[in-house]
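Me: I have a new model open. Please show me how to read it.

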Amino acid sequence: SSGINAEYGGSMPPAGTIKVDPVMVEPIGLEKPSQKQGHKPEPEIFEPAPLLTALIAYLNLGLLVVFGYVRDFMRLWGYESNIGAKEYGNEGFAPLYHEFESFYHRNVYHRGSMLTAAPLAGTPGATIDIIEREWGEHLSSFKLTDRKKNFLNVGSYNYLGFAENDGYCSKETIKEISTSGAGVASPRKELGTMQIHQDLENLVCEFVRKPAALVFGMGFGTNSLNIPALMDQGCLLISDELNHSSLILGARLCGAKIAVFKHNDVADLERVIRKNIVMGQERTRRPWRKILIVVEGLYSMEGTMCDLPAIVALKKKYKAYLYVDEAHSIGAMGETGRGVSEHFNVDTRDIDILMGTFSKSFGASGGYISGDKKTIDHLRRESHAHSYAAPMSPPVARQIIASMTSIMHTDDGKRRLRQLAANTRYFRTELRKRGYIIYGDSHSPVIPMILFTLANICAFAKECLNRGLASVIVAFPATTMLGARARFCISASHTREHLDRVLDILEELDPIIGLKLSKNRKTSAFLDFWKHLIYKQ
């Protein structure tokens, strides 16, 4: 069995019933969390789309689909060149490509391809260099040019500004290349474990206040390849409906029964737990071997934080285990950057498994899993990411050690934490005050601005690029049909002048596109549009 249970020396016995208590290992010699009062979870506000905007959004997508079928008919009869993928030599076989996904990519997504996936030529700091492209007919192809353009960057996960090519962290990383080389040609389980990996794991333990940790070279694989080593058949995995795809893939690979609860809805989570405990395993109706609740600390598409105190209370009540993905919250949340557990002042001993990545706040790559020693020892034996994948590059490990040490022990690290918090408060307050619809917790550096329609986000991205602003746009199917949005990622490297410039650009674009869609906006979008036209004339 790949699941952790006491029979195989693990620390997580089958715990699907109310009778069984999870084994909690007391951290020894670790810094205990302070008794300072934590923040209380904030009520989530998701302002719905105005009726007219909703109708336009559906009409927008519907017209694109209708015109897509018309263009496919024209391509079939040779009136238009076919830019889609073609399959040859497989007559009589089922197509390899999913029909509607290919159709959507060819006729909807492809129209805005010149606004996405821009090739970068530098570090993703407060500003970023983007290589200009020359496009072929119907945007069917492009070639890179020698021209670069500098943009104000609000689209990168560089929360503390450590993605830089100068300074203490970069110097330490360059030294490590000359000492240890650029990579290791063996998995960690065989010959790939180096002293720097062990040093990093010890530092992670100290930072997240857990007894043991294991680091990996890939953040996505940290979730998708370790969950199957924790859960298997006969187990129940309960997942938030908006969890990251790496968590979803790991849940599907592990073979456990998957139950989904509404996003950050603790009442619905309890309903799902109670229902599944009562029903038991399918067919046999036996108790679940164990139950694992999987949530994210900070949701990168919504900007919301999990209601950690309430979820911890539920997991104790029903004797379940808790897996918290802190990919976006570690380093960015909490007074000292220790994530949502510090933000809410929740004892990390109440969280069975803490996962995080190093690609957001630490300017590096890879991920970690921390927990009690027996759980981590089990993963050293059973994890596919530890047994088969390439280990973390030594220079990358050195970058993480340098940046994490800076956060913990230097004035510069503390200054970055304060700057990120101040920038987040200022930018969120200004957006909400001016009438834009934004989602997420007031402390979250991820700020989605809802635009609702495909036409809005394409126009927004194009006009931002024309004004020297690089941001991220997201639309269906990555969001709901009415969930199209622009997403701003705030960084400690941003100055007040940078944020004011972004706000000025949004004010310029509002009369043209209609960005202020909140019912709380102080002026009429219709009047603003005509004022803008008269002013231009």
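We go from the whole chain to single residues.

Reply: This is a predicted model, where local features need pLDDT of at least 70, side-chain atom pairs count only at pLDDT 80 or more, and totals for chains, interfaces and linings use all residues. Residues are numbered from 1 along each chain as its sequence is written, and side-chain values use heavy atoms, leaving out hydrogens and water.

Me: How many helices and strands does the chain have?

Reply: Helices (H or I, at least four residues) and strands (E, at least two) are DSSP runs, numbered from the N terminus. The chain has 18 helices and 13 strands.

Me: Is Asn276 buried or exposed?

Reply: Buried means under 20% relative accessible area, exposed over 50%, partly exposed in between (1.4 Å probe, protein chains only). Asn276 has 9% relative accessibility, so Asn276 counts as buried. Asn276 lies in helix α9, residues 266–279. Of the 537 residues in the chain, 53% are buried.

Me: And Val70: which class does Val70 fall in?

Reply: Val70 has a relative accessible area of 43%, so Val70 is partly exposed. Val70 is found in helix α1, residues 51–76.

Me: What is Asn276 in contact with, leaving aside its neighbours within four places in sequence?

Reply: Contact means heavy atoms within 4.5 Å. On that count, leaving aside those neighbours within four places, Asn276 is in contact with Leu236, Lys257, Ala259 and Trp288.
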